[in-house]
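Have a look at it first, then we'll go through them.

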Amino acid sequence: MKANITALRRVRKTDNNRIARATGATIVNRVDDLQESDVGTACGLFEIEKIGDEYFTFLRKCQNPKACTILLRGPSKDIINEVERNLQDAMAVARNVIFHPRLSPGGGAIEMAVSVKLGQLAKSIEGVQQWPYKAVADAMEVIPRTLAQNAGASPIRVLTRMRAKHAEGHTTWGLDGDSGALVDMKEYGVWEPEAVKLQSIKTAVEVSSIGSRRVADTVANLVSPHAYFSVLMISAAANLHSRWVPTSVVAMNKSSNWFKNAYIMLHDYLLILYEYPRLKITRVSLYRTRQSDSDLVIS
């Protein structure tokens with residue numbers, strides 16, 4: 001320090017920008033270009049402290065600071081890195097709540113509520129049009145089922161009780177991750193940002209849709225019948241409807257061209273999922289014989 005002026009050497013660009021925002025200063029490239037209006041006067045206290053073997057500069061008592069620093073200390077780098085990750089997650093949650101100030105109950109409550117509502121809606125729809133609703137309802141139960149498994153509870157019993165609670169209208173009931181019991185998340189105090197829930201559901205639906213459209217391209221790269229059955233199951237999972245298997249798989253002619261049969265069956269499978277529900281067809285039968293490639297009976 002000389003003439004009550006302190007010069008800091010080798011300051012990173014990011015730190016330099018933070019200092020300028022905290023003190024209200026303007027960064028200049030040359031001393032000759034410095035003007036009185038560029039000098040930051042918003043800092044009330046400038047200190048240099050020694051922590052361990054390192055010296056740190058602190059700018060405190062700043063007027064309306066637009067930048068700040070959080071100092072983390074720990075016995076090892078691994079612990080400090082873990083604390084830093086937790087801090088970043090907490091700051092991300094705070095940011096989401098500020099920009100989207102809406103919360104949803106945690107503990108798998110929101111997923112079970114959506115699953116129950118979709119299941120009730122599926123019962124009011126006839127024919128194959130109810131399949132997507134049932135498939136998404138089953139997929140939404142993955143979160144509470146996983147929470148029950150991690151808590152050491154019985155997933156079947158927990159899901160049955162939780163499903164009954166939500167059917168009665170208790171939509172805020174979820175799973176306690178410590179004891180594995182069902183509790184009211186409103187009273188338990190476990191909430192999650194609604195923006196995270198909306199984005200996770202949106203991303204899952206988009207990924208499923210993209211995977212379904214690319215199944216036909218994947219079949220073209222198959223090299224064995226065994227690989228075809230793997231892709232068929234992947235296609236079913238991507239459409240959130242893995243329980244349905246075409247009956248033509250059983251009756252496929254083993255002596256015929258397997259690639260042709262695989263492509264035709266997969267085409268019929270996607271056609272049933274996407275085209276026939278819009279035509280309100282109530283029953284579709286798909287079978288294959290040795291004499292013909294495929295026969296599709298619609299009623």
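A residue counts as buried when its relative accessible area is under 20%, and as exposed when that area is over 50%. Keep in mind that this is a predicted model.

Q: Which residues of helix α1 are buried?
A: Helix α1 spans residues 13-23, and Ala 20, Ala 22 and Thr 23 are its buried ones.

Q: Why is Ser 115 called buried?
A: The cut-off is under 20% relative accessible area. Ser 115 has 4% relative accessibility, so it counts as buried. You'll find Ser 115 in helix α3 (residues 109-123). Leaving out residues up to four places away in sequence, Ser 115 touches Ala 137, Met 140 and Glu 141.

Q: What makes Ser 115 and Ala 137 a polar contact?
A: The limit for a pair of N or O atoms is 3.5 Å. A polar atom of the Ser 115 side chain lies 2.7 Å from the backbone oxygen of Ala 137, which is within that limit.

Q: Why are Lys 61 and Asn 64 called exposed?
A: Lys 61 has 67% relative accessibility, so it counts as exposed. Asn 64 has a relative accessible area of 64%, so it is exposed too. Lys 61 is in the loop between β2 and α2 (77-99), and Asn 64 lies in the loop between β2 and α2 as well. Neither is a glycine, yet phi is positive: about 55° for Lys 61 and about 50° for Asn 64.

Q: How do you know that Arg 60 lies over the face of Phe 58?
A: A charge has to be within 6 Å of the ring centre and within 35 degrees of the ring normal. Arg 60 lies over the face of Phe 58 at 4.5 Å from the ring centre. Lys 165 likewise lies over the face of Trp 173, at 4.2 Å from the ring centre.

Q: What is the mean pLDDT of the protein chain?
A: It is 75, and 70% of the residues reach 70 or more. Over residues 236-256, pLDDT stays under 50, and over residues 273-299 it also stays under 50.

Definitions and conventions
Residues are numbered from 1 along each chain as its sequence is written. This is a predicted model: local features need pLDDT of at least 70, side-chain atom pairs count only at pLDDT 80 or more; totals for chains, interfaces and linings use all residues. Side-chain values use heavy atoms; hydrogens and water are left out. pLDDT is the predictor's confidence in each residue, from 0 to 100. Contact means heavy atoms within 4.5 Å. Buried means under 20% relative accessible area, exposed over 50%, partly exposed in between (1.4 Å probe, protein chains only). Helices (H or I, at least four residues) and strands (E, at least two) are DSSP runs, numbered from the N terminus. A polar contact is a pair of N or O atoms within 3.5 Å; within protein, one must be able to donate a hydrogen and the other to accept it, and residues adjacent in sequence count only if both atoms are side-chain atoms.
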